Amino acid sequence: MKLVIQQNVPLKNKTWFNTGGAAAFYCQPSDGLEFQEAIAFAQQHALEIFVLGHGANILISDDGFDGLVIHPNIQTLSITNDQHDQPLVTAGAGVSMEKLITYTLEHNCIGLEDFSGIPGSVGGSVYINLHYFDKLIEQFLVTVELIERTTGTIITVDKNWFNFGYDQSKLMEHNHYVIAATLRLKKATDLEVAYAKGRSTEIIRHRVSRYPNKNTCGSFFRNFYKDEVTLTVNNKKAIWVAYYLDKIGVKGALKVGDASVSYQHANMLVTGPQATSTDVATLARTMQELVFKEFGIIPQPECILIGFKNNPLL
Ligand SMILES: Cc1cc2nc3c(=O)[nH]c(=O)nc-3n(C[C@H](O)[C@H](O)[C@H](O)COP(=O)(O)OP(=O)(O)OC[C@H]3O[C@@H](n4cnc5c(N)ncnc54)[C@H](O)[C@@H]3O)c2cc1C
């Protein structure tokens with residue numbers, strides 16, 4: 001067996017909240033074969049699996065994760081052309097969105113620059129159907145190489161397989177994990193690439209100046225689906241969760257332990273050096289209770305909670 005499996009590995013420094021306990025077992029497969037070894041190990045020892053990307057959208061319990069954490073370190077990147085001479089870019093699950101965007105622009109392929117400044121891996125981005133305003137990663141996906149949780153069988157599926165929606169994908173059933181994804185982009189002239197690079201820089205500047213960009217998971221709660229809300233603002237259903245959170249006055253004001261609601265954005269929770277995951281979860285639950293009391297609806301997390309024996313949220 002080539003794959004190294006470590007025991008009792010702290011996960012705190014592998015998440016953007018910088019909180020949480022340790023993984024009972026931990027490994028970093030660098031290709032599909034090693035990923036299969038990891039799955040076989042989990043099967044042999046009857047371990048639960050959690051696949052960790054870059055930790056930008058998770059809250060790990062202070063008790064850690066009592067199973068095998070698989071952190072795919074699959075860093076492959078390649079380009080071919082489709083039958084219409086448009087580029088198909090294939091990226092391993094562990095490639096960061098930042099590296100993917102830089103690589104595609106360097107190869108005169110445009111399209112992904114709206115995702116500039118969003119942390120995370122290709123695997124995590126497919127899982128959540130990464131979004132920025134009206135751009136979703138599903139709009140670029142062609143095929144994805146997946147590994148099956150119990151057998152380790154590797155399959156290639158097209159994007160219809162995923163039943164994508166806002167913050168929704170079939171990967172949330174946790175029966176398959178991403179090994180690599182292929183995206184169709186647009187072949188661009190040098191001038192178009194220069195424009196796309198400028199747009200990328202501007203989006204990053206905008207994000208850094210407006211939102212916290214460390215010790216957070218970005219938006220903690222997802223927006224509401226239309227059928228969940230009755231309130232309308234300017235004749236439109238009020239689906240934006242930040243609208244409700246702003247109204248209850250938590251921005252820059254509510255704090256539990258060393259976790260607080262950002263002064264910049266009511267839907268972003270930030271941790272200080274002493275924060276625990278319990279602080280974050282208690283803060284989030286308090287926000288849910290306040291929104292429920294005021295508006296009768298309960299915000300639901302976009303952030304994924306891992307290793308909690310009981311759901312700490314409503
Ligand atoms: C500052 C900040 C800003 C953000 N802004 C945005 C934004 O604008 N839009 C947006 O959509 N998100 C945003 N996010 C959330 C985050 O960037 C995305 O959810 C990202 O895709 C998470 O990727 P990750 O690799 O860090 O996944 P992780 O946080 O490690 O994991 C998240 C989920 O993905 C699963 N997963 C990870 N890798 C795989 C794989 N290979 N196969 C199957 N499942 C996998 C995990 O099991 C877990 O359930 C932001 C986060 C931060 C910290």
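**Figure 1. The largest nonpolar core of the predicted model comprises 81 residues.** A nonpolar core is a set of buried Ala, Val, Leu, Ile, Met, Phe, Trp, Tyr and Cys residues joined through C-beta atoms within 7 Å. Burial requires 20 or more other C-beta atoms within 10 Å of a residue's own, with C-beta atoms placed from the backbone. L59, V69, V178, A181, L269 and V280 have the most contacts inside this core. This is a predicted model, in which local features need pLDDT of at least 70 and side-chain atom pairs count only at pLDDT 80 or more, whereas totals for chains, interfaces and linings use all residues. Residues are numbered from 1 along each chain as its sequence is written.

**Figure 2. Surroundings of L269, one of the core residues with the most contacts.** Neighbours within four places in sequence are left aside. The remaining contacts of L269 (C-beta atoms, placed from the backbone, within 7 Å) are T216, F220, A259, V261, V280, L283 and A284. V280 is itself among the core residues with the most contacts.

**Figure 3. The shell around the ligand contains 32 residues.** G53, G120, G123, G124 and G218 are the closest. Helix α3 (122-128) supplies at least two shell residues, as do strands β3 (49-51), β9 (131-132) and β13 (176-184); the largest share, 5 residues, comes from α3. Helices (H or I, at least four residues) and strands (E, at least two) are DSSP runs, numbered from the N terminus. The shell divides into 19 nonpolar, 13 polar and no charged residues. Here Ala, Val, Leu, Ile, Met, Phe, Trp, Tyr, Cys and Pro count as nonpolar, Asp, Glu, Lys and Arg as charged, and the others, Gly among them, as polar. Because domain 1 (6-70) and domain 2 (77-210) both give residues to the shell, it lies between them.

Figure 4. The domain bounds come from an automatic or database domain assignment.

Technical notes: Near = placed C-beta within 6 Å. Buried ≥ 20, exposed ≤ 12 C-beta atoms within 10 Å, placed from the backbone. Contact = placed C-beta atoms within 7 Å.
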